[in-house]
Amino acid sequence: MKCVQAVERDGRISAALVEVPAPVPAPGEVLVKVHTSGVNRADLSQIAGRYPPPPGESSILGLEVSGRIVGTDEPVCALLGGGGHAELVAVPAGQIMPAPPSLDLAKAAGIPEAFLTAYVNLIVEAQLRAGQRVLIHAGASGVGLAAIQVAKRVGATVAATTRTPGKRAALIEAGADLAIVSGDMGFGVLVEQAWGPDMVDVVLDPVGASALPGDLGLLAVGGRVVVISTMGGAKTELDLSLLMRKRARVIGSMLRSRSRQEKAGLVWRFRAELLDAFETGDLHVTVDTIVTASRASEAFQRLKENLNVGKVLIGWNVE
């Protein structure tokens, strides 16, 4: 079978299709013929050598796919520890979801990583509830747009940030009550102008070091910050006295490194609580770009340059 291999040199990502042995499903795994695979920042980190796959997972890039189960032709989407950017992938049975019937199969590839990340970190980790206020950074990313929708689905009031003025409309379309272009004034000032001080219950933060002090300053008493990436750096100073006064929590979270058993439980919960929302239209996948596998370099580079609004996908059904 063919898979994508990629390297980065001088800020440019070069990808090629190479022939590798097809995966052989182990007990408890299902073989899926990939229709479309989703591109994520974890792919960029793996290409750069900073994010190796967990032990026992495929070293091939790719953390989410849509496709059809070999032998039954059932349309599915799946969360992966690796192996998605390929023609075939062996998937743990517990990490497979039926593709929503009303959704194009290509779009279904944008569900597993983005929406599971949003669900796990907002609902499971931060315990976001109806009537609370949430701040979502990098709101125009695949995860960001998914998180806006998930938060609105549970009845929260949502603020979302972007650094790019042209992306603000996408935040509003996804349901954000407050769409912020964080510039010279900083996101904290703009949130306080709209909502007042100490009014944020939950922050979903993929930025990390450069945003965390501002996150803490906005929190209400008992507020929670969930850090899911470090795009703005991994080390920062934190005012611990403020953390204590607000009785706040800073939660570190990562989806890929969780055990298959834990992922299966989270997928089961997501299926039970949210998957039908794609049928009702309460949730939808925002697709930025679909490129064919032979042009995977363009997909990775688009994400690296932060040009996307929503999901960047790789199509395997046509070349």
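Mentor: Buried means under 20% relative accessible area. Keep in mind that this is a predicted model.

Trainee: Fine. How many of the 12 residues of α4 are buried, then?

Mentor: Nine of them are, so α4 is largely enclosed by the rest of the structure. The buried set is G142, G144, L145, A146, A147, I148, Q149, V150 and A151.

Trainee: What do the buried residues of α4 pack against?

Mentor: Helices α3 (112-125) and α5 (168-174), plus the strands β8 (133-136), β9 (157-162), β11 (200-205) and β15 (311-315).

Trainee: And how far does α4 reach, first C-alpha to last?

Mentor: Helix α4, residues 142-153, reaches 17 Å, close to the 16 Å expected. Just after α4, G155 has a positive phi of about 95°.

Trainee: Changing topic. Where does E57 lie?

Mentor: In the loop between α1 (41-47) and β4 (64-69).

Trainee: Is E57 buried or exposed?

Mentor: Buried, because its relative accessible area is 17% and the cut-off is under 20%.

Trainee: What is E57 in contact with, leaving aside neighbours within four places in sequence?

Mentor: G81 and R260. With R260 there is a side-chain polar contact of 3.1 Å.

Trainee: Last one: what volume does the second largest pocket have?

Mentor: About 200 Å³. Its lining has 19 residues, with P23, S58, G83, V89 and A90 nearest the centre. Strand β6 (residues 88-92) gives the largest share, five residues.

Trainee: What is the lining of that pocket by class?

Mentor: It has 11 nonpolar, five polar and three charged residues.

Technical notes. Residues numbered from 1 in each chain as written. Predicted model: local features only at pLDDT ≥ 70, side-chain atom pairs only at ≥ 80, totals over all residues. Heavy atoms only, no water. Helix = DSSP H or I, 4+ residues; strand = E, 2+ residues; numbered from the N terminus. Expected span 1.5 Å × (residues − 1). Buried < 20%, exposed > 50% of the residue type's maximum accessible area, 1.4 Å probe, protein only. Contact = heavy atoms within 4.5 Å. Polar contact = N/O pair within 3.5 Å; in protein donor to acceptor, adjacent residues only side chain to side chain. 1 Å grid on protein atoms, 1.4 Å probe; cavity = no way out; pocket = protein on both sides within 12 Å on 5 of 7 lines; lining within 4 Å. Points joined across faces, edges and corners; volume = space filled by probe spheres on them. Nonpolar A, V, L, I, M, F, W, Y, C, P; charged D, E, K, R; others polar.
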